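Hi there,

Here is the structure I promised to pass on. My notes follow just below it.

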Amino acid sequence: MSQGSLSLRGGVLWVARQARRAHVQPFDLDGRALGPGFSFAGAGGGALALGGIEVDSDRQLWSVDGRAGAVRAFSVFGRESASFVGAPLERDDARGVLAGASDLALHETDHALEVLVACGGARRHGLALLRADGRLVASLRPLGDPRGRFGDIARVVQHGPWTYVCERGARRVQVFRDFEFHFSFRIELGSLERPEPVALAALPDGRLLIALAGAGTALVLTDGVGRVQAVLAAIGEGHGELRDVGDIAVEAGADERSGRVAVIDRDAERLAVFDLAGRSLGDFPSLPGDPQGS
């Protein structure tokens, strides 16, 4: 299986995993399946490298395939409704090339939908903003430097005007406002080596939930500039502990106890739910692609 990807919209949690094919299914946050979901293969029925997913306001599910350098959208019934590929692969690190894409995020306004596509590796053009038909709008500048390089982007998140970029290789989060670099931060966890941010979710009040890998594997709650306020879950194999986190999604509540955080971990073999106080609320009984699941 892949590391797995999550998208939460309107109380519906979409879970995606991949073996040879990609498997996608909707759930509520109590773990109940809300439909059978669907599966899809890569171009021409071949293999794919499933990156992130996100659901738009029309309930289209967008996905990125790093193997083909392609973005595809599906209806909730699995009918492909849109697709585009990046620029020709004349060289890896060029504007609009999407080979090795790891994640995507959607930017919706009253007038248009745009797609941010992130790519792994050390790349100058590692984060592209494109129109829904694949036309390139901009290549975001790492640290505001047109000659800089992103350090292996694992996840990108769009929240209003803010773009959050989790760079696993550089062990930092870059923050853009209106697609212009604003600031960056690294997570500090005591005397541990700086951990690797691998997934992020933004809360309405500006706080951030960040999943960390490496020696400091954890799920942490930070303020808007990355100062750790609480460790919600730490590394381990036990109840309420995490390993090999793939993605997170959050539904904010009226308080810490009513908020919900979904975490897919253990090489996408488990989906766990926590509240914002760090209390474990249990695991989902089945996931898309399971022998017992869909």
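Helices (H or I, at least four residues) and strands (E, at least two) are DSSP runs, numbered from the N terminus. By that count the protein has zero helices and 26 strands. Its radius of gyration, taken over C-alpha atoms, is 18 Å, close to the 19 Å that the globule rule (2.2 Å times the number of residues to the power 0.38) gives for 294 residues, so the protein is as compact as a globular protein of that length. The C-alpha trace spans about 45 × 45 × 35 Å along the principal axes.

This is a predicted model, where local features need pLDDT of at least 70, side-chain atom pairs count only at pLDDT 80 or more, and totals for chains, interfaces and linings use all residues. Residues are numbered from 1 along each chain as its sequence is written, and side-chain values use heavy atoms, with hydrogens and water left out.

For burial, I call a residue buried under 20% relative accessible area, exposed over 50% and partly exposed in between (1.4 Å probe, protein chains only). Buried residues make up 54% of the 294.

Two loop residues may interest you. Most residues other than glycine have a negative phi. R59, in the loop between strand 5 (50-55) and strand 6 (61-65), has a positive phi of about 65°. F179 has a positive phi of about 70° and sits in the loop between strand 17 (172-177) and strand 18 (180-185). R59 is exposed, because its relative accessibility is 57%; F179 is buried, because its value is 16%.

Happy exploring!
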